[in-house]
Amino acid sequence: MAIRASPKLLQNLRHCNSAAAALPTLVENSDRCTSQSVINFDDHGQRPFASIPTNKLLNSYLNLQLVALDPVVDVGVRLVRSSLMENSFFRKAMLSMLKRTVYAHFCAGEDVEEAKRTLEGLWQDGLRGILDYGLEDAVDNSGCDANLDEFLRTVEMASMLPANSVSFACVKISAICPISLLERVSDLLRWNQKNPYFDLPWQIDSLPILSSSSPIYHTRSKPDNLTEAEEHDLQLARLRLSKLCQKCVEKKLPLLIDAEYTSIQPAIDYLTFSAAIRFNKEENPVVYGTIQAYLRDAKERLVQATEVAESMGVSMGFKLVRGAYITRETLLASSLGVASPIHPSIQDTHSCYNDCASFMIEKIAGGYGSVVLATHNIGSGKVLAAKVDELKIGRGNQRLQFAQLKGMADGLSYGLRDAGFNVSKYLSFGPVEQVIPYLLRRAEENKGLLSSSSLDRQLIRMELKKRLKAAISGEPSTRS
């Protein structure tokens, strides 16, 4: 069934896409939250790009200018999703163009060796890397097994890089469990939320998955329980995740499990939390789940899972993000005639993110839990950095770090680095054709709810102007 957006819905989406214009206001408001900002980007403050070579700055600026042009992004997205990609000549030309532009900017390379070189460059700049082989949406067990081999190879490669240069490995459950099975398991978990007496004979110990405010409209009628073959496939998926977790234990490298869209998220959380119960026995967790703060139920799910884990003696880690499936979620809810699971405004999303982050920071101050604050928003960065100082956690605390995607919010990354925080860049890598879904989300995200490119472009311009003035006056330049 085709999903058609109403005029009102399209208007709301355009409102979200213009939210980046509010960024200067967010910066000003965040400055008023603290008497002394931890990171400061005015002309007399920090120079986050001071250590970056000029040719690299120019290349980043040109790419950011390109993705900031909404008509260019819109046309590019439509072309990549069109039937034209079935034409071999057009496909080859489009992939070549993507590789030279957005792929080069947002991705770490086509294979392990290229990703290794990218990560080593970040390490020299004082940043760490989160390695993610860009795989998702497997359809059968054969594909899942092949994907697992790539993830295991990534973890193995990470152990050969400079000590502490890699902060996490990363996996999407949809790459190691067939999508159709994730949908089936999610349906059953949602029905169990409606009727707790509904028997799930295949279920093993986990943490709370859905809350009273979680969206369950995806499952409108009682689903059949898993067949014997589906139970077998679910066990295979658990074994794949366990094998990956065990490899991470051996290499002392924690694992971030990404969040995805709500139609499969309950199954993802079920597998994540089950693995956490098994592997997170020490103070520092091996398995991290992900909470998307643009969802209305985010804070409630975070609190209930964390508190139950703490009562069980399970050390829980979470990555906190705003979310990257806004168009998909909103259009699906509209097609079903229900309210969107996403907060109605960008400010509500910012507030939810900061509330979730503050909750985890307070847990860490009390001696429990770990968190990755994955944010591109300068307002959140300033407020949460100040919260860390207020609670005297220590900026270098290994159970707390900030993270941004490669190619996004670099100014925030370098500013936090200069302030003494642990900062990682999320490095997606793999063949261009394979990471197209990731690139499409980045393209839509960069012009929408999470856009940070305007700040980076402004900071890069400031840095380039300083260097030009220094060159004209004969003063020594920071980087050539």
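Let me begin with F106, which is found in helix α5, residues 88–106, where helices (H or I, at least four residues) and strands (E, at least two) are DSSP runs numbered from the N terminus. F106 is buried, with a relative accessible area of 2%; buried here means under 20% relative accessible area, exposed means over 50%, and partly exposed is in between, with a 1.4 Å probe and protein chains only. In sequence F106 and L439 are 333 residues apart, yet their C-alpha atoms are 7.6 Å apart in space.

Before I go on, a word on the source: this is a predicted model, in which local features need pLDDT of at least 70 and side-chain atom pairs count only at pLDDT 80 or more, while totals for chains, interfaces and linings use all residues. Residues are numbered from 1 along each chain as its sequence is written, and side-chain values use heavy atoms, with hydrogens and water left out.

Now to the chain as a whole, which has 17 helices and 8 strands, and in which 57% of the 480 residues count as buried. If we take contacts, meaning heavy atoms within 4.5 Å, between residues at least 6 apart in sequence, 82% of them join residues at least 24 apart. The chain exposes about 20700 Å², of which carbon and sulfur atoms supply 52%; these areas come from the Shrake-Rupley method with a 1.4 Å probe, and for residues only the protein chains shown count as cover.

How many disulfides does the structure hold? It holds 0, a disulfide being a pair of cysteine sulfur atoms within 2.5 Å. The sulfur of C144 is 6.2 Å from its closest cysteine sulfur, in C177, and that is too far for a bond. C144 counts as buried at 0% relative accessibility, and C177 likewise counts as buried at 0%.

Let me turn to the second largest pocket, which has a volume of about 670 Å³. Of the 33 residues that line this pocket, the closest to its centre are S167, K252, L253, P254 and N284. The elements that give two or more residues to the lining are α7 (141–158), β2 (166–171), α9 (228–250), β6 (370–374) and β7 (400–405). As for the terms, on a 1 Å grid over the protein atoms alone, a pocket is an open set of points with protein on both sides within 12 Å along at least five of seven lines, whereas a cavity is a set where a 1.4 Å probe fits but cannot get out, and lining residues have an atom within 4 Å of a point. Grid points are joined across faces, edges and corners, and the volume is the space filled by probe spheres set on the points.

Two loops deserve a look for their backbone angles. N164, in the loop between α7 and β2, has a positive phi of about 75° although it is not a glycine, and N164 is exposed, with a relative accessible area of 53%. A409, in the loop between β7 and α15 (410–418), also has a positive phi, near 50°, and is a residue other than glycine, but A409 counts as buried at 2% relative accessibility.

In α12, residues 326–335, the buried residues include I326, E329, T330, L331 and A333, and just after α12, G337 takes a positive phi of about 70°. N354 lies in helix α13, residues 346–365, and counts as buried at 18% relative accessibility; leaving aside its neighbours within four places in sequence, N354 is in contact with R322, S380 and L384.
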